[in-house]
Amino acid sequence: MKQAITSLAIHRPRTVYVIAAVLALFFAAQLPRIHIDTDPENMLPATQVDRVFNDRVEQVFALHDAIVVGIVNETDPDGIYNKQSLTALHTLSREILAIEGVIAPDLMSLAVSDNITQGESGEIRFAWMMNEAPATDAAAESIRSHVSRLPLLMDTLVSADGKAAAIYVPIASKDLSYPISLEIQALTDGLAGNDSYHITGLPVAEDTFGVQMFEQMAVSAPLAGLMIFLLMWYFFRNARLVLAPMIVAMTTVVITMGLLVGLGFTVHIMSSMIPIFLMPIAVVDSVHIMSEFADHYDPEKDVSETIQRVVGHLYKPMLFTSLTTSVGFASLLLTPIPPVQVFGAFVAFGVLLAFLVTMFFIPAYIVRMKPEKLENLSRLKAGSDADTLLARALRAAGRFAFGHGKLITALALGVLAVGVAGVLQIQINDNPIRWFKDTHRIRVADKVLNQHFAGTYDAFFVLEYEDDLPLADFRKRADTLLNDAGRLGADVTSLRATIEQDAADMLAYFDAIIAVTDDLLFESEQGNEALEALMSLAEEAQSSGKYFQNPEALQLVETVQQALMDTGGVGKTNALPDIVKVVNRELFGGKAEDYTIPATSPAVAQTLLQFQSSHRPQDLWHMVTPDFRSTAIWLQLKSGDNQDMSQVITAMDDYLKANPLPDGVTANWAGKTYINVVWQNEMVAGMLKSLLGAFVMVFFMMALLFRSPSFGLLAMVPLTLTIIAVYGLIGWIGKDYDMPIAVLSSLTLGLSVDFAIHFIQRMRTLVAEMGSFAVAATHIFEEPARAIARNAIVIALGFTPLFFAALVPYITVGAFMASIMAISGLATLLLLPALMWLTAGWLFKSTTRQTSASTSLTESTGDSL
Amino acid sequence: MSKVWTSMVTAALLVLPGISQAEALTDADEIVSRANLAAYYAGADGRSEVRMIIQDAQGREQRRQFTVLRRDVEDGHDQDFLVVFSQPSDVRGTVFLVKKHVGADDDRWLYLPGLDLVKRISAGDKRTSFVGAHYFYEDVSGRGPDEDIHVLLHTTDAAYVLEHVPKDPSSVEFTKYTTWIDRETYLPMKIEYANATGRVYRRVEVIEVTEVDGHPTVTKSRVIDLDGNGETNMEFRFIAYDIEMPADVFTERSLRSPPRDWLKRPAREK
């Protein structure tokens, strides 16, 4: 197989070139069809139960994603309540209303709020709060007193300290968040005055991240590529040669991404990282080949022969590393998160593709290079390579490792212990706003606005009433009455049909029955007692079905609101009782003692009829459904951290356990902040499952490939140490375990096993070739160790440009790459030889002809020291 | 001879309906004034039962049923209204009393039986929802002809098409509106409201006109929120004009004890 590939590559390089070019072009042509998806909700499958519920809540309560625009005045003693600031607020609100994609009727701002007050002669007065900008500071000040009486506006549209006002801009679709936020930004830039403007909200953060992520890709990926190129050039001193791995990486990335796009998958935050992940993986194999080639190159010999020999050496470890890395990523298919599955599947594919491309392309490329271009390789070899700092350091490391097995193992165990302690301290937390740096304007806006307001993060606590018994009872009693009505001379055919209709919408169901009965009653000249009784029955059933119109139910909602506040994590709640109480108070003259829920369900209905006689009757239906069987409590949270949301959820679970809801009433969570918690939990559990799955898989593969369980176990050592050390470090430094970090576990596993495979495989070959463990032990720290070290350095340093990225997840990736390379490189070059030395007699029993390898090794290392 | 003449004239009238009508009006103010009378001032007084179905963007319905009693103080000027709710049952007995004043704020009272409360109400403007419907208070009570500048855009076979621009733009949410006024009945058959960008966002249209007591009367109409927030259908039934209601029907006393005699449905025709 390998001979066939290599000989094809060597003898028909042009064919290889053409096929690679055609494939790359074909898949590159798919790329313009790219469809970007930045919606974190898609982290959950469309059928996931919380997502389904959230979608239903958004639909029945007509809730839209909203951009939060804040206007802050820190200088004026009256805060925002001055003529100039409110005029700016008014102007801005009107301008935002005209932006395409803004759901104008649902926009929330003082400029489009209704006010309810006491008139001069004791009447109740309904009017716009601020239909026109205030003409004087006194007029602005009177708005303050109005707002202070309206709990739904207070701390939501104007901060409690009076220094900030907010505009909630509902938008038709999430992917409009970024462009609309830019339009709003442009509008605020045009406003004079000493106010500062801030734009935030989860949809903006998520959409902005999506946009900047792609900008980042366009900068970071090429920069990392350039850095890798420069480092390789430093090591191999041959620009022409090191161009080859770059071509391999590009081809792999283009084909993989083209395939992803071509198959109709959306490019999610996750899949946008595929190039960044594939690049180092694609380069690694080439570096191994080039490293060995450079070491073996001899101008006197045929290049084809050399390359064939090199590939012969490396084919097996390269195949192994590709397979294990691929399995590491394929294990992501075990997570229940579609974008992560897509990511895992395509990286797994890309890894194998990179292997194939490397196997075909690199030999073909080298064979086609002119001899004079390769000459400096031999100079490199003859002159310096064997005596570079790196080479000397590696030899010293080898001597040390093979000489101090116990010490190194003890050190490794120490690192492991500290790592495990760190892992136990890991804080699982995420917040899309934190994907931006502290200085990003979204982070700044988030901080400033949440200092002033009750909170810019939304969640909804939804109470629903479900009870089918009254319907069955109604139908039974209606049937008797229908028969009586028929006997009294009424034609009840259509009424009977109406009663037998589907009652999914209870409100409409009873409305229809009442309307038909009403018509029938009018037809009957002398009246029909049975029909009248049926009318009352239907009216009663309809009225009692409006559960959340009952004062008891509203008091329940109030209690739940209080319980939500008592969790300590909620800035403010807004719900139906707040509306009812305000209108009731104003109807009775505006006294504080009338800020109560009326005593009967009809009284509540009549109060709400007044609320509906406003400019914005539809606002009611964001809080309760027209059948009054579902009600949503809107929570404002100061923090979008999953930990904080989780704490509120847990506290409410406890509360409901201690204070069960009445029969028929259920409670559920919805809203973006909640959904983020749901997918994070799925992700953490899923990642653990996939990591464990991959770990076991990789072990079995290693055991199988090495045909030895003990070597398989040995190969697991560096990756185990790397994973625990890296995640231990995260625990110790207190960095939150978030989405990017969770996903990086598969990269850690996939990359850190590579060096071990190369090391073990080469060591076994060397022991077999040399017939002596001791001799092999010195040889392994020549070319094979150099290849590993070069790789580690190239990849670790190659990703340093990511440290300067504007987005935190990219910095995280950069830091991970460096840590993985450093730790797995050290573990491979120090711990593996140490462990081999400790167990050599037993481990290499079958491969060495020597009876006591460890004894002779001690002698040989003793010599060199 | 004269008989032949008459039938010739009749035939001509049938073939050329345009000729049968009076010469088309050209004065926009005059058209608006007649439309105002036709739509809101038929007879000296009147009653009607209204069934209103409010449909939201999701197709969910709410129903309201109420009886409206009206008495004109002076044609084209002040009017009294009493609106008594009968459905849904939890708002039954809720009453609005309105003393409409042309050129001044209306006097409005409210009775809520559930709270046993009589309350005067005032409003900053008349463009608020009428009990949660897509109709505005002003659609129900009539917009004063003096509040807009009227321009006759063109005249079709069936209708006068007028454009109206508010004199006080801050009091309304529209920038202008266009009406299609029936040339024969002077009933506004369609009204379209446009915002600052010129986009029509709201349409009121007549679906059915029936002649009652000699007055062409709207018996079905609809308002559509074109921004996608649903529509409200109104159906008027049990209509009667010139029933000679006394003025004291429209006093605060009627709030707590609605005038049963006048709220009773008129005897059915045939």
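**Ground rules**

I count residues from 1 along each chain as its sequence is written, with chains lettered from A and ligands numbered from 1 in the order in which they are written. Because this is a predicted model, I take local features only at pLDDT of at least 70 and side-chain atom pairs only at pLDDT 80 or more, while totals for chains, interfaces and linings use all residues.

**Confidence**

I flagged residues 11-20 of chain B, where the pLDDT is below 50. Beyond near neighbours in sequence, that stretch has four contacts in the model; a contact here is two residues whose C-beta atoms, placed from the backbone, lie within 7 Å.

**Chain A overall**

I get 30 helices and 11 strands in chain A. These are DSSP runs numbered from the N terminus, H or I with at least four residues for helices and E with at least two for strands. The C-alpha atoms fill a box of roughly 120 × 70 × 55 Å along the principal axes. Of the 865 residues of chain A, 51% count as buried. My cut-offs: buried is 20 or more other C-beta atoms within 10 Å of the residue's own, exposed is 12 or fewer, partly exposed is in between, with C-beta atoms placed from the backbone. Of the contacts in chain A with a separation of 6 or more, 79% are between residues 24 or more positions apart.

**Helix 7 of chain A**

How far apart are the end C-alpha atoms of helix 7 of chain A? They are 48 Å apart, and I call that agreement because 35 residues (202-236) at 1.5 Å a residue should span 51 Å. The expected span is 1.5 Å times one less than the number of residues. I also found a kink of about 30 degrees centred on Gln216(A); the bend is the angle between axes fitted to the seven residues ending at a residue and the seven starting there. Just past the helix, Arg237(A) has a positive phi of about 50 degrees.

**Two residues I clicked on**

Ile34(A) sits in the loop between helix 2 (13-28) and strand 1 (36-37) of chain A. I log Ile34(A) as partly exposed, because 16 other C-beta atoms lie within 10 Å. Leaving out residues up to four places away in sequence, Ile34(A) touches Val261(A) and Val267(A). Leu260(A) is 226 residues away from Ile34(A) in sequence, yet their C-alpha atoms are 9.0 Å apart.

Ser745(A) belongs to helix 26 (residues 739-770) of chain A. Is Ser745(A) buried or exposed? Buried, because Ser745(A) has 22 C-beta neighbours inside 10 Å. With the same exclusion of residues up to four places away, Ser745(A) touches Met687(A), Leu691(A) and Ile723(A). Phe816(A) is 71 residues along the chain from Ser745(A), at 9.4 Å between C-alpha atoms.

**Where A meets B**

I find 42 residues from chain A and 33 residues from chain B in the contact. On the chain A side, strand 4 (124-128), helix 18 (506-523), helix 19 (529-545) and helix 22 (601-612) each supply at least two residues. Helix 22 of chain A gives the largest share, seven residues. The chain A side splits into 22 nonpolar, 14 polar and six charged; Ala, Val, Leu, Ile, Met, Phe, Trp, Tyr, Cys and Pro go down as nonpolar, Asp, Glu, Lys and Arg as charged, and the others, Gly among them, as polar.

Strand 4 of chain A runs parallel to strand 6 (residues 117-123) of chain B, joined by three bridges. I call strands paired if DSSP finds at least two bridges between them. Ile124(A) stands opposite Ile121(B), and Arg125(A) has Ser122(B) as its bridge partner. Within chain A, strand 4 also pairs antiparallel with strand 3 (residues 114-118) through five bridges, and there Gln118(A) stands opposite Ile124(A). That hairpin has five residues between the strands, and Gly122(A) takes a positive phi near 75 degrees.

**Chain B strands**

Six antiparallel bridges join strand 8 (residues 159-166) to strand 9 (residues 176-182) of chain B, with Glu163(B) opposite Thr178(B). Strand 9 of chain B is joined by six bridges to strand 10 (residues 188-194), again antiparallel, and Tyr177(B) is the bridge partner of Tyr193(B). Five residues separate strands 9 and 10 of chain B in their hairpin, and in the turn Tyr186(B) has a positive phi of about 65 degrees.

Note on methods:
pLDDT is the predictor's confidence in each residue, from 0 to 100.
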